[in-house]
Amino acid sequence: MPFDPQLAEIRFGCGLSPRLTPPESAAGMMARLTRPDDAGQTYPIAPFSARLPQLAALQRARRDRRKAKSDAARRDAEEHYKDLRRTLRTDAARWTGHAFLRRALTRDGLRERLTAFWADHFTARGVGQIWSYAHLPYVEEAIRPHVAGRFADMLRAVITQPLMLSYLDQYRSFGPDSPAAKGKRGLNENLARELLELHTLGADGPYTQTDVRQMAELLTGLTFDMKRGFVFRADMAEPGPETVLGISYGGPGATLDHIHAALDDLATHPATATHIARKLAVHFVSDAPTPSLIRALTARYTETGGDLAAVIEALLAHPDAWSPEMRNVKQPVDFVGSALRALDLVPRHLPLGNLRRMQNMLLTPMALMGQPMGAPPGPDGWPEDDADWITPQRLAARLQWAMSAPFQLRRTLPRPETFLIAALGPDAPEPVKFAARAAESRAEGIGIILASPAFQRF
Amino acid sequence: MTLTRRQMLGRSAALGCCLAANPLVTPVTLASAPSDNRLVVIILRGGLDGLDMVQPRGDADFSALRPGMPNAKDLDGFFALHDGLSPLYPLWQEGQLGFAHAVSTPYRDRRSHFDGQDMLEAGTGMEAIGHSRSGWLNRALAHLPGADARTAYAIGRADMLLTRGAAPVANWAPDAALTLSSQAELLLERVMHDDPLFRDATLEAIALSATDLGSTADAATSGDMMNAMSESVRAARKGAQPETIARFAATQLRAETRLAAFSLGGFDTHSRQDRSLLRALGPLATTILTLQAELGAAIWERTTIVAVTEFGRTARLNGSGGTDHGTAGAMLLAGGAVRGGRVITDWPGLAETDLYQRRDLRPTRDLRAHLGWLLAGLYGLNRTTLETEVFPGLDMGADPRLIL
């Protein structure tokens, strides 16, 4: 099947826009993806390492509050703590706005989609007051620079990110025989298990409980502190070699290199190739992808040692990618992002500096749609099955948002017939064309177009 | 794809019926309900540590595995109740709270939350991982004479495999709301018509928001539609508190609903379990007490609450004061209909050689057998049906007589 610019923008990008022409070819999409990140620079989100001093300050403020000697000192400390919290929250809301502006205005929608895909694959959620609102900076630093690079590099980046080490308890894992354990502390196998099950080999992969345990021992030493961020502490590491999937890593002296070697092997393992290929096919093409598509992606992954740009190229080259049948449902982030894009939103339309309005317009509605930003229910991330998203209660939130948010964001709305072309192109289904004409108000007409399966599927 | 009520709603749409013919808005008489007994299934997500919830203090090996455990309320001289559930102790004294210990699904060795939860909800064996399209609660429903779209309710935002399948189940969340003008409603039905997934979810959303929340589905103006989002945002701000879910469930159970299901999270306690489990058990206790208060004495007498989790955790504490993924755990039973005041178990012991793979509490009974006997006791489902269709391949064993 031939390349279709509109389908390319809907299925692999951020949706149609009245001001931006869709990509002209798969080669053009790849060229944009491998060039510098324009949208990222125009709408910045702080990387995690820039965020860390603020988190450290927040932690200090909490300690000061706890240790304050007088009522006055406690009040001051409380005030300071609250200020810091408000700043962090407002920053996070602005960054959410920037993430949506990237989707609304980019010419490289594929990069936004891949960033979301890999952020989900490597889910790390900020838990507790210090770590909440750290999700987007984590993605900015560990995920986004690698979406067209090598999987092994992304894997190394996420496994050494403080948010991941915190979320999956790695910083609390001590080699039982390490000097730092002092006979009191020991292993925690949470990260090791999810690394094998979710991040690389897959739940049906060829590993055993013994591999999980050995991997957990090998990972000891990965930790962070609030001043330097990630550090490798050899004194926390379990001495001696560990055997994972039949390969022995490390020796008498523990170093980060041994962990890198194991991660590199996992990254190029055949089970990992299939696991990643299947996930990409499911996410972008169909909940039930053809074996041919999975084989093609697995083969390219294997040939190139996990070069993600090459795998995406193979995806765009496969006939399944251009099947005109819309077989997937947009996740809430894609639904809202593509709606903002079709609505031709510009930065002044979003209440970037107003935390309360950002929550009312975007954050809480997304939570009601089942996708609170950066906070999936578990380390396996968001569901892919369409039926998980289109439940009556979650769909109700999408419908309600579609009916009211466009007007509240833009005030002057386009005519529904004009919006129909912007959002769906000239070939919209007849009932949607009819609804665009028959709606009683502009807001209602636009809401129904956004609510239509033609807009919500890709 | 979720079939079931969707399918059924789809069929009525295909016949040219409209909202009025939707089974959810057609009044259901109580006489047509299969039974007056209520069953509430709570899925505890994350792998609850049964050894901490119901502590085998009488086992000589317990204190070595779990040094420094704070005091817990003695239950029967052998087991003691975690402090986080102490608000439920009066129920224990009245015989309305019980536990089954050392139970698990047939899930073994992989210890993945996601597969473990799928198996728990599917009610099948290991072979069905990744292939299950229906849950045991839904399959049970198919065998209840007179069951209809309101008999079972899945509550909360997340879809649950437990309630998916061929029988109709209502899905709704207490903070979901939908206000549409009548013109918008007609146009939506039209644009959704050819897409069964969207069409059926839309019809159900319109029907349930109209009947459950007392809000009119027929907004006079598009201004009302605008305000509706703000209202649901306000409701959501207050958060999906366990009280909210429990109150919503109780409202349904006081009406036509006989089976309700929802989930609670926070049980994945890899570190500092002393703090994290306390935080997770609190909402469970609140949920049960809210259900008791909201259902009223007469319905509470006919109510059974069962809380189950995908697997237990390691018998030993790990190096960071938590536990890792394990095998057998415990289930909780509560309600006026329960023959409680006891911990039902074939206790396997905690000596290292007694542990499963020298690591986890050894399962001595399939937790599905208890669920099966509950369904038999509450709704008269026969054993053959339970062992072949609801829980395929299960041997239910002896009847633990869970229901009064």
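Please keep in mind that the model is predicted.

**A covered strand in chain B**

Let us start with strand 12 of chain B, which spans residues 329-334. This strand is mostly covered, and six of its six residues are buried. Strand 12 of chain B has antiparallel partners, strand 5 and strand 11, and the table sets out both pairings.

| Partner of strand 12 in chain B | Residues of the partner | Sense | Bridges |
|---|---|---|---|
| Strand 5 of chain B | 97-104 | antiparallel | six |
| Strand 11 of chain B | 303-309 | antiparallel | three |

**Where the chains meet**

Now for the contact between the chains. Chain A brings 66 residues to this contact, and chain B brings 59 residues. The size of an interface is often given as the accessible area lost when the parts come together. Here, the area buried between chain A and chain B is about 5100 Å², and carbon and sulfur atoms give 58% of it. Within chain A, the residues that lose the most area to chain B are A:Pro392, A:Gln393 and A:Gln400, which together make up 14% of what that side buries.

Polar and charged groups meet here too. Between chain A and chain B there are 23 residue pairs in polar contact, both residues being at pLDDT 80 or more. The interface also holds five salt bridges. One of them joins the side chains of A:Arg457 and B:Asp195, with 2.6 Å from N to O.

Which helices of chain A supply at least two residues each to the side that touches chain B? Among them are helix 11 (190-200), helix 18 (355-368) and helix 20 (392-410). Helix 20 of chain A gives the most to this side, with 14 residues. Sorted by kind, the residues of the side of chain A that touches chain B are 32 nonpolar, 16 polar and 18 charged.

**A residue inside chain A**

Finally, turn to A:Tyr138 in helix 8 of chain A, a helix covering residues 135-143. Is A:Tyr138 buried or exposed? A:Tyr138 counts as buried because its relative accessible area is 0%, while the cut-off is under 20%. Leaving out residues up to four places away in sequence, A:Tyr138 touches several others, including A:Phe48, A:Phe122, A:Val158 and A:Met164.

Methods
Residues are numbered from 1 along each chain as its sequence is written. Chains are lettered from A and ligands numbered from 1 in the order in which they are written. This is a predicted model: local features need pLDDT of at least 70, side-chain atom pairs count only at pLDDT 80 or more; totals for chains, interfaces and linings use all residues. Side-chain values use heavy atoms; hydrogens and water are left out. Buried means under 20% relative accessible area, exposed over 50%, partly exposed in between (1.4 Å probe, protein chains only). Helices (H or I, at least four residues) and strands (E, at least two) are DSSP runs, numbered from the N terminus. Two strands pair if DSSP finds at least two bridges between them. Contact means heavy atoms within 4.5 Å. Buried area is the accessible area (1.4 Å probe) that two parts lose on being put together, summed over both. A salt bridge is a side-chain nitrogen of Lys or Arg within 4 Å of a carboxyl oxygen of Asp or Glu. A polar contact is a pair of N or O atoms within 3.5 Å; within protein, one must be able to donate a hydrogen and the other to accept it, and residues adjacent in sequence count only if both atoms are side-chain atoms. Ala, Val, Leu, Ile, Met, Phe, Trp, Tyr, Cys and Pro count as nonpolar, Asp, Glu, Lys and Arg as charged, and the others, Gly among them, as polar.
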